[in-house]
Amino acid sequence: MTSHRRPKQPSRTRVSVLTTAAAAAVALSANAAHAAPGEKLGKNEVKAKVDRLYEQAEQATEKYNGAHEKQQKLQKEISTIQDGVARGRQELNKLREGLGSLASAQYRSGGIDPSVQLLLSSAPDDFLDKASTLDQLSGRQVQALKKIQDKQRELAQQRTEAAEKLKDLASTRAELDDRKKEVQGKLAEAQKLLNTLTAREKAALDAEQRRAGRSSAERADIGHHAPATGRAAAAFAAARSQLGKPYVRGATGPSSYDCSGLTSWAYAQADVFIPRTSEAQSGIGTRLTRSQLQVGDLVFFFNDLHHVGLYAGNGQILHAPRTGTVVRYESMDTIGGPFMFGVRV
């Protein structure tokens, strides 16, 4: 006789697991379908991707700025060394001429010492190292030879230093080229994404940015605090006069800026000369927490400190955000990366 048993019901836990798994599978399937090649992304998705690419481009831009500044410094140092070498050669020639005149006078008075003849046609180091040779020379000759030896050593050291700096310069130029290509690649990718939007979608994004900028400006004015110093006030006023100027990679004003280009330009108008890059600017002055900020203080964002602006009060900053934007006010909470600290110059 066949036993008729009631089928075993699945436990609640099992039902929950199966339901969750099914939901995950549906989500993955939806995402896969959403990311299918050739499918158009929504306006907000494009904006998120573009913002990320612009952030990466700005990060590369600050590294480009650092390499460019290093290149300029190396070029000046190399030029100074090369000028020194040229002057040193002239001095060396004069010293040799002096020794030659001394030898000529010795010849006219009764013949030139064989050792001096050799000294005039080769490096004096070999002779100076030999006491027997020194014994045969007059005091004036020894003094002249020592000067020649010192100058030759100095020139050799300068040439070695110049060669090392030239090698460093070549490496820096290669880095500049790499950073430039990286920035251009990110910007091209961002533009490609933006080109997928309709004219109406692009207009909507622009309108959102303008509204955000106006709102931040209003909040900054409402929360205006006393600046840290007179120079900070002057720097902030200078930056404020540049509202609406476009962001351009590597630009330091007065027609366009990148983030650290704006801050360095603004402080220069107050006769305070700070470093060019955001990372270098973060190492000057007194570090501040968010609650200690006053108008005109420098504010730094992201773990690698690749973005900097000027504090505007009430949780707002004045900055040059990224490609495609202009100098504007913005909330510290919408920068896209964490606030790290402030600096009072």
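Tutor: β1 and β6 run antiparallel and are joined by 3 bridges. Within this pairing, Arg 287 stands opposite Val 343 in β6. Keep in mind that this is a predicted model.

Now the whole sheet. It is open and has 6 strands, in the order β1-β6-β2-β3-β4-β5, with antiparallel pairing. The edges are β1 (286-288) and β5 (328-331). Each has a single partner strand, so one side of each lacks a neighbour in the sheet. From one strand to the next, the twist averages 40°.

Two helices come next. Helix α8 (residues 230-240) lies across β3 (307-313), β4 (316-319) and β5. It runs at about 105° to β3. Helix α9 (residues 259-269) also packs on the sheet, where it touches β2, β3 and β4. The direction of α9 makes about 55° with that of β3.

Back to Arg 287, this time for its side chain. Its charged end sits over the ring of Phe 341, 3.8 Å from the ring centre. A search of the whole structure finds 3 aromatic pairs. One of them is Tyr 257 with Trp 265, an edge-to-face pair at 5.5 Å centre to centre, with 65° between the planes. The label edge-to-face applies because the angle is over 60°. Tyr 257 is buried, with a relative accessible area of 0%. Trp 265 has a value of 16% and counts as buried too, because the limit is under 20%.

Another of the pairs is Phe 300 with Phe 341. Their centres are 5.6 Å apart, and the planes make 40°, a tilted arrangement. This pair links distant parts of the chain. Phe 300 belongs to strand β2 (residues 298-301) and Phe 341 to strand β6 (residues 339-344), 41 residues apart. Both Phe 300 and Phe 341 are buried.

So what does Phe 341 carry around its ring? The charged end of Arg 287 is over the ring, and Phe 300 is its tilted partner.

One more charge over a ring deserves mention. Arg 249 lies over the face of Tyr 64, at 5.0 Å from the ring centre.

Technical notes
Residues are numbered from 1 along each chain as its sequence is written. This is a predicted model: local features need pLDDT of at least 70, side-chain atom pairs count only at pLDDT 80 or more; totals for chains, interfaces and linings use all residues. Side-chain values use heavy atoms; hydrogens and water are left out. Rings of Phe, Tyr and Trp (its six-membered ring) pair if their centres lie within 6.5 Å; planes under 30 degrees apart count as stacked, over 60 as edge-to-face and the rest as tilted. Buried means under 20% relative accessible area, exposed over 50%, partly exposed in between (1.4 Å probe, protein chains only). Helices (H or I, at least four residues) and strands (E, at least two) are DSSP runs, numbered from the N terminus. A charge sits over a ring if NZ of Lys or CZ of Arg is within 6 Å of the ring centre and within 35 degrees of the ring normal. Two strands pair if DSSP finds at least two bridges between them. Axes are lines fitted to C-alpha atoms, for helices over the stretch in contact, and angles run from 0 to 180 degrees between N-to-C directions. Contact means heavy atoms within 4.5 Å.
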